[in-house]
Amino acid sequence: CSLAVMIYALGKASGAHFNPAVSVACGLAGKCPPKDVFFYIVSQLAGGILGALVSMIMYGEKGITLGPGDKYVWWQACGVELIYTFMLCFVILNVACSKMHAGRNQFYGLAIGFVIIAAAYGGGNISGACLNPAVSVAIDINSAMITGTSPTGYSIMYVIAELLGAALAAGLFRLVRPEDYTEGDDGSSGYPLSAKLVSEFLGTYMLVLTVGLNVLTKSVAGAFSISASLMCMIYALGTVSGAHFNPAVTVAVVASRRGKCSPEEGAKYIVVQLAAGLLAARTYCLLTGDTFTSLKPAGSDWTQVFIAELIWTAVLAFIVLSVATVQSSLSEYFGLAIGLCVTVGGCAIGGISGGSLNPAVSLGIASSGDLRAVWHFIPYAFIELSAGAMAAGLFYVTQPSEFQTEWMGEDPAAEVEEGAGVLMRDVSGRDDFAPEGPEAAFKAATLGLSKVKEASFDIEERSIQKCTKKSKSLGRCVPCLF
């Protein structure tokens with residue numbers, strides 16, 4: 001993807017906006033000074049027009065006409081431009097501009113570039129998927145020069161929709177990344193439940209919307225586009241809510257225990273995910289003017305559907321557990337691994353069960369089709385949620401190290417005190433050293449470790465881990481030595 005390539009090449013030089021909508025979003029989010037936003041936009045528009053002229057020279061009269069595709073009208077095209085420009089700007093703000101991610105990852109170009117893939121195959125047949133005022137204006141000018149006519153009014157409509165998408169992205173970024181607007185907060189202390197629920201809603205909405213648009217517009221690369229939308233939103237919001245975007249995944253994470261998601265929080269996630277699925281279904285029906293006939297393909301029987309959905313939903317949930325919730329989780333490729341799982345599953349069983357793999361997707365499709373077949377959602381959801389629980393069981397069997405807590409006793413705080421005392425006695429040579437209380441133990445352990453480091457003793461990193469239980473006296477987690 002040309003966008004991803006140029007982002008990696010020029011990100012250090014300018015931030016690699018390449019898009020007036022992105023510059024506006026960064027300005028509204030407080031990530032780019034207004035003066036820079038203005039000059040960036042001027043440069044971007046000039047670059048777009050120059051690109052259109054070069055294209056005309058290279059390809060002659062083979063121009064592109066800006067406007068809605070066949071069967072669609074202006075407001076449907078503008079709707080696609082608004083939503084996917086929002087997605088593009090929102091992903092950029094999260095992976096490249098937030099305190100949590102800016103300058104700390106290498107996946108930013110991949111995440112941003114794949115938004116274009118999600119949009120191009122999902123909404124390209126409706127609007128052309130410009131997602132960029134510079135592109136919209138340049139295409140309109142190029143078409144006018146080739147035909148010898150005046151530019152159409154579609155460029156103005158597209159630009160307005162794209163800038164509205166940018167403004168929406170900046171506003172919702174403030175909701176999901178409150179630490180960016182709080183002095184001294186880097187997000188390491190966790191996110192409020194409201195930010196997590198907004199995160200789950202947005203990620204699920206974009207996923208279900210992309211599913212519907214690809215299927216209803218008969219995209220030639222539906223599975224790839226759907227997986228791209230999931231991957232992008234995982235990279236954008238994984239550090240906020242865990243980026244489940246799927247009730248089956250939430251069930252798997254809750255069932256695997258380990259404190260990754262409480263049952264109460266998981267239940268709220270599921271409610272929000274299902275609501276997002278319903279809204280996304282209404283959206284893709286409006287944007288396409290079409291609906292699904294049935295959730296279950298007519299040529300498959302229920303046994304085939306059950307087996308297909310059970311296996312591949314379990315695989316998806318298992319992959320999420322294995323790459324994103326383990327102690328040594330993937331730092332760069334977790335989103336790619338999960339997204340590719342959807343590509344494989346969609347290609348493998350799309351013709352058998354539809355390849356839903358997600359109760360939110362199933363609810364959206366079932367509710368948007370023939371109401372006499374809406375009950376199909378119930379067996380689909382049951383088998384998909386069961387697959388999530390099954391994935392948790394497989395994870396328990398295959399990842400036993402994630403559940404090893406034998407070293408912890410009934411009172412982790414007491415063990416901290418004892419471990420800190422041993423460490424300090426070894427370092428200082430004082431046989432009478434005994435810290436009093438967990439707070440003193442924590443300080444002693446920190447001091448002892450610094451002395452050990454100064455003395456160049458070989459202490460393995462695995463000798464210190466975060467305690468997964470809360471100290472009764474402190475009410476929070478403390479480092480445990482063993």
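I began with contacts (heavy atoms within 4.5 Å). Among those in the chain between residues at least 6 apart in sequence, 77% join residues at least 24 apart.

I noted that this is a predicted model, where local features need pLDDT of at least 70, side-chain atom pairs count only at pLDDT 80 or more, and totals for chains, interfaces and linings use all residues. Residues are numbered from 1 along each chain as its sequence is written, and side-chain values use heavy atoms, with hydrogens and water left out.

**Entry 1: the chain.** I looked up the secondary structure and found 17 helices and two strands. Both are DSSP runs numbered from the N terminus: helices are H or I with at least four residues, strands are E with at least two. Of the 482 residues, 49% count as buried. Buried means under 20% relative accessible area, exposed over 50%, and partly exposed in between (1.4 Å probe, protein chains only).

**Entry 2: salt bridges.** Side chains of opposite charge can pair when their charged atoms come close. I looked for salt bridges (a side-chain nitrogen of Lys or Arg within 4 Å of a carboxyl oxygen of Asp or Glu). The structure holds four.

One of them joins Lys31 and Asp180, at 2.5 Å from N to O. Lys31 lies in the loop between helix 2 (20–28) and helix 3 (34–59), and Asp180 in the loop between helix 7 (154–176) and helix 8 (193–216), so the pair ties together parts 149 residues apart in sequence. I found Lys31 partly exposed, at 29% relative accessible area, and Asp180 buried, at 11%.

Glu402 forms a salt bridge with Arg258, with 3.7 Å between the closest N and O atoms. This pair also links distant parts of the chain, 144 residues apart: Glu402 is in the loop between helix 15 (377–398) and helix 16 (412–428), Arg258 in the loop between helix 10 (247–255) and helix 11 (263–288). Glu402 is buried, at 13% relative accessible area.

I also listed Glu179 with Arg177, a salt bridge at 3.9 Å from N to O. Both of these residues are buried.

**Entry 3: helix 2 and helix 4.** The axes of helix 2 and helix 4 (residues 74–97) come within 10 Å and cross at roughly 55 degrees. Axes are lines fitted to C-alpha atoms, for helices over the stretch in contact, and angles run from 0 to 180 degrees between N-to-C directions. In helix 2, Ala21, Val22, Ala25 and Cys26 meet residues of helix 4, among them Thr85, Leu88 and Cys97.
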